[in-house]
Amino acid sequence: MTHMAPVILEQPPLLAVRPPETVSMRTRDSVRLDADLYRPDGVGPWPVLLLRLACGRRTAMTSHYAHPRWYAARGYVVVVQDVRGRGTSEGRFRPFEAEREDGADAVAWAASLPGSNGTVGMYGSGYAGMAQLLALAERPAALRAVVPALAGWDVFTDWATEGGAFRLADAMGWALHCAAESARRLEDGAAYRALLEAIRSLPLDDEIPSRPRVLRDYARHCHYDDWLTTPGPGGSWDELSPRHALSGGIGEVSVLQIGGWHDPRLTGTLAAHEALSAGSDGTVRLLVGPWDRHGVAVHAGLDSLKPSDVPSFDALQLGWFERFLKGEMNGAERGGLIRLFDVLERRWRDLPALPPAAQPLHLSSDGLATRRGGALRDDAPDEAFLDVLVHDPRDPVPTVGGHAVPDAGPRDRAAADARPDVAVYDTAPLTAPLTLSGLAALEIWVEADAPSFDVSAVLSAVLPDGRVLPLSQGHARVEPGGEQRPMPVALRALCATLPTGSALRLSLAGSCFPAYPINPGTGAEPGETRLVDAQPITLLIHGGGARPSRLLLPARG
C-alpha cells in the first residue's frame, strides 16, 4: 500500500495559542499590507507559515485548510495577509500584477517577526498558490518551502482560456467575486448587491452571454474586460505568470505541488512540476488527487471516499513543513516524484514522470456515431468514413461534470451522450482491467461549414452498470483560417483503472456550455457576440483511409 502522509513517530504536545494580532508591513513602494498573526504561547523561536489571500484574510481560507490556530498549536508562527487591494490592505487589486515583489517583501518581513526563527514556508490554493510561485521568482532568502495547491502555471492558458476558448463559467465566477470584494471596500452597496446576486446564479442568459450587463455596469470593479479582450498568449500575460517569472529556476526551495483531477488548472500544475523539477536544487514533488477547485475530494460514485483514502491538505503540508522547516526526518519526500490517485481503483500510484500520449486507438464508424455510436479500435480502418453532427446554438451540448464548471466532478454523462448532436466512439468491453495513467491527446480530421467552430472531446469510462463517468476532457476553438489537418486537441492527464466489462468512450460535440462560450461561427470575439448572432454549425468528422482520426492514450509500461 502506498502511504500518502508522512509518518510522524512522536507527536509533540500541542501548544497554547495567543489571541490573534493585526500587524502591518510596507512594501517597497510604501503600500500598507495588513495581516493577522497567530503565535504559539511558549518559548520559541518557530518557523513562519505565510498565507497571502485575495479573498479576505478573515476567512483564513478555512474552506480549504484548518484554521491558522491549528498550525500555531503545532509550533508555527502563522501570518495570514491580505494581498494588495484586498481586505483592509491598501492599493488597487489587479490580479497577479504585484505578487512577485509584494510576496518577496512579505517573506522578508514575516521572517523578522517576533517569535520567528528566520525561516518561512508558504501555503495556499488557487490565487494564493500562484502568489507563492510568483514570490519564488524573487528568491527571498528566508523562503525554504512552499506548497502551492490547485494553482496552475500560466495565467492565459490556466485561468483565462483553454484550447483557445475563453473559460466562461470559471472566469466569470471568479471575476464576480473579485468585483464584489472591490464594491464592498468602496461601500458601493448597489453594486455589491447586484454582484452577489450574479454570483449565486451566473447571468449566462444575458443578451451578451460572455459579457453580461452586471459586469458591464460594474467593469470598474474588476479585471474581467481586460481578460476578455487582451490577445494572447505572450505579451502582457507573461508579466503575470509564474511560467515566465520562474524561467531562471528557484534555487534550493522545496516544493510540494497539489493538483486535482477536477481542478480547472491541472494542466498548468503538471507543466509547473516539469519546469520546477528541471530548475530546482531542492526537493520537488507533485501529488494529484480527486479534488475539485475547492479542495473537496469528489468520488466517482462507486462508494464513498474514506478519510484514509485521501489525506487532507493539512496533513500533507504539515508533513512537508515539518521535514523542510524543522528538519524532522519523517519521510515526507519519499515515494515517486509524481503521485497520482487512481479515481476508479481508489489507490495511489507513484511515477518518476508522466507517461506521454503514445498508444493509439483509432476512430471507426459507419457514419452513424451520433445515432448508434462508433468504435475505438487498435487498427486504423482501411475504409474512409464520415460522421456528421450539427451544433444548434439554441440548445448547446451542456457541460456535465469535468473540471470547468462549479459542479465539477465525475458526473454521469450518459444522458448527454445520447443526444443527437454528440458523436460517441466506444471500445469493446474490456476482458481485463485497463490502467490509464499519464497524458492523453486527440488527433481528429474535422471541418465545418463556418469560419470558426469548436470541438469538445470527453474521454469516459462506460461502467458495466451503464454509468458514463468522465476521466479526461479537452476543448479546442478553431478561428478563421486556423484549421490544422489533423486537428490536435489536448486532453487532460488521467489516472484510472477501468474494470473488466467496462469500456472506454470518446464523445465529440460542437459545444460545451457554460464551460466555454457558444461559438457563433463567425469568428467574432465572445465579448461582442450576442445570443441572436450564433448560427448552427455542421461538423464533418473524418476517419479511416487517408484521414485517420485517433485517440492517443498514455504509454503503458
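Let me start with the salt bridge between Asp 426 and Arg 505, whose closest N and O atoms are 2.7 Å apart in what is, please keep in mind, a predicted model. Asp 426 sits in strand E16, residues 423-426, while Arg 505 belongs to strand E21, residues 503-509, so this pair ties together parts that are 79 residues apart in sequence. Arg 505 counts as buried, because its relative accessibility is 13%, and the cut-off for that word is under 20%.

Elsewhere, salt bridges that share partners join Arg 26, Arg 32, Asp 34 and Glu 90 into one network, and the count for the structure comes to 43 salt bridges.

Another of these pairs is Arg 220 with Asp 188, where the closest N and O atoms are 3.1 Å apart. Here Arg 220 lies in the loop between helices H7 and H8, and Asp 188 in the loop between helices H5 and H6, so the parts tied together are 32 residues apart in sequence. Arg 220 has a relative accessibility of 55% and therefore counts as exposed.

Now to the cavities: how many of 30 Å³ or more does a search of the whole structure find? The search finds four, and the largest cavity holds about 200 Å³ of space. Its lining is made up of 20 residues, with Trp 261, His 262, Pro 470, Leu 471 and Ser 472 lying nearest the centre. Strands E9, E19 and E20 each supply at least two residues of that lining, and the largest share, five residues, comes from E19. By residue type, the lining of the largest cavity divides into 12 nonpolar, six polar and two charged residues.

Conventions:
Residues numbered from 1 in each chain as written. Predicted model: local features only at pLDDT ≥ 70, side-chain atom pairs only at ≥ 80, totals over all residues. Heavy atoms only, no water. 1 Å grid on protein atoms, 1.4 Å probe; cavity = no way out; pocket = protein on both sides within 12 Å on 5 of 7 lines; lining within 4 Å. Points joined across faces, edges and corners; volume = space filled by probe spheres on them. Helix = DSSP H or I, 4+ residues; strand = E, 2+ residues; numbered from the N terminus. Nonpolar A, V, L, I, M, F, W, Y, C, P; charged D, E, K, R; others polar. Salt bridge = Lys/Arg side-chain N within 4 Å of Asp/Glu carboxyl O. Buried < 20%, exposed > 50% of the residue type's maximum accessible area, 1.4 Å probe, protein only.
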